[in-house]
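Have the structure open as you read.

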Amino acid sequence: MRSYSKMIAATPYSISQRESIYLDFVRALAAFFVVLDHAPTLFDLPGIPRWGHQAVIVFFVLSGYVISNVADTRETNARSFLIARLARLWSVLVPAMALTVACDVVGRSLGHNPWAYAEAPIDWPLIRVGAIVTFLSESWLSIQPLSNGVVWSLCAEFWYYILFAAWTFVPPGRARKVALSIGVLLAGHKALLLSPIWLMGVGLQRSAKLRQFGGKIGVVFWGAGFLLVAWVLATHLYDPAIALMRHLVSPWIMTQLAQARVFWLDWMLGLAVALHLLGARSICNRIPLERIAAPIHWCASISFAAYLFHMPLLHFFAAFLPKDAGTLAIGLTFLVIALLGGPVEKSKRWWRWMLGWIADRLQSVASGLVLATRPNVGGR
């Protein structure tokens with residue numbers, strides 16, 4: 001099935017080596033702040049920045065930008081695109097769920113700090129784990145997979161991939177409408193409310209007009225985007241925004257909105273991030289980033305593992321350590337992530353091979369069924 005992405009972008013945009021390094025740096029930095037954000041919920045860590053949600057908004061813009069690029073340049077058909085996306089997600093998500101179960105079982109049974117799991121559900125474990133590995137844990141109802149409460153964004157991203165693939169690779173007509181309708185139905189309201197942020201990344205990558213900005217204007221965009229993001233973070237703008245929403249809507253609606261409770265402010269932050277990345281194209285060409293490429297690529301390569309592994313690890317260490325040992329817990333968490341992140345990242349190749357093999361078998365079975373049901377013309 002051919003790609004219909006040219007309906008949006010006339011010519012694919014190739015991310016340069018330096019821009020790729022910069023995007024890796026931003027991704028690694030965002031993952032670092034997500035880990036820091038959740039540590040104070042379990043340990044006494046005054047002064048730690050709580051920018052985890054804002055970092056997820058950065059992830060969404062980056063994801064839309066990078067995913068639309070690979071769909072234009074490498075994964076140019078539905079089969080390769082979906083196999084690559086599923087391999088990327090499951091290669092880290094499945095080990096993350098195994099780690100979550102192991103950490104929760106050991107931490108609950110052997111740990112001496114029961115408060116470490118006070119906010120972590122334990123009932124219906126098979127349903128909770130099954131919902132997340134099938135990306136259905138945020139389809140209208142939130143199902144938290146044990147102590148790993150950060151995986152909600154992964155479910156949103158999966159359905160962004162599905163909706164993007166339906167629009168990009170399915171020809172206009174009834175089939176596309178059906179595919180989009182199913183994706184919207186299963187994505188859930190939180191993912192849909194935050195989807196414009198992901199689409200900002202897509203628009204940034206695919207807009208030919210935006211590619212024309214460069215030079216001094218690019219530097220201005222880069223600096224303006226950075227200052228806007230810094231202003232949102234420094235002024236704690238999310239606190240009054242959340243208070244405003246609590247005043248405007250009922251507690252039930254606030255609960256249902258959950259991570260999208262101030263979606264309109266998330267949109268504004270997403271625009272600032274997109275503006276910064278737009279200007280980064282000019283900045284990257286002026287800085288020899290390849291000199292520090294190795295450590296940045298390494299940090300970025302384990303950023304996905306850091307995102308999905310850190311919550312069960314922090315809960316596990318909280319079950320054994322005192323509340324004033326937060327710095328030690330963060331250090332141990334990063335150490336485990338560094339040890340496990342590399343092998344998990346390499347498993348992506350195996351997942352691609354396995355999913356490709358399954359796709360080939362299913363295609364062969366489907367072809368056989370078609371031939372079996374085809375009328376025997378002329379008695380042959």
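## Two pockets

First, a quick word on terms: a pocket here is an open set of grid points with protein on both sides within 12 Å along at least five of seven lines. Keep in mind that this is a predicted model.

With that in hand, the second largest pocket comes out at about 940 Å³. Its lining takes in 34 residues, and Asp24, Arg27, Val66, Arg85 and Arg88 sit nearest its centre. Helices giving it two or more residues include α3 (78-110), α13 (293-301) and α15 (326-373), but α2 supplies the largest share, 9 residues. Sorted by class, that lining holds 16 nonpolar, 8 polar and 10 charged residues.

The largest pocket has a volume of about 1,200 Å³. Among its 44 lining residues, Asp37, His38, Thr41, Arg50 and Arg261 are the closest to the centre. Elements that give two or more residues here include α1 (17-38), α9 (215-234) and α10 (238-248). Once again α2 gives the most, this time with 4 residues.

## Around Ser153

Ser153 belongs to helix α5 (residues 152-169). Its relative accessibility is 5%, so Ser153 counts as buried. Leaving out residues up to four places away in sequence, Ser153 touches Val56, Phe60 and Tyr307. With Tyr307 there is also a side chain to side chain polar contact, at 2.5 Å.

## What the record says

An unreviewed UniProt entry puts "domain: Acyltransferase" at residues 21-340. In the model, that span is 74% helix and 0% strand, and its end C-alpha atoms lie 22 Å apart.

Methods:
Residues are numbered from 1 along each chain as its sequence is written. This is a predicted model: local features need pLDDT of at least 70, side-chain atom pairs count only at pLDDT 80 or more; totals for chains, interfaces and linings use all residues. Side-chain values use heavy atoms; hydrogens and water are left out. UniProt positions are given in the numbering used here, feature names are shortened, and annotations may be inferred rather than shown by experiment. Buried means under 20% relative accessible area, exposed over 50%, partly exposed in between (1.4 Å probe, protein chains only). A polar contact is a pair of N or O atoms within 3.5 Å; within protein, one must be able to donate a hydrogen and the other to accept it, and residues adjacent in sequence count only if both atoms are side-chain atoms. Contact means heavy atoms within 4.5 Å. On a 1 Å grid over the protein atoms alone, a cavity is a set of points where a 1.4 Å probe fits but cannot get out, and a pocket is an open set with protein on both sides within 12 Å along at least five of seven lines; lining residues have an atom within 4 Å of a point. Grid points are joined across faces, edges and corners, and a volume is the space filled by probe spheres set on the points. Ala, Val, Leu, Ile, Met, Phe, Trp, Tyr, Cys and Pro count as nonpolar, Asp, Glu, Lys and Arg as charged, and the others, Gly among them, as polar.
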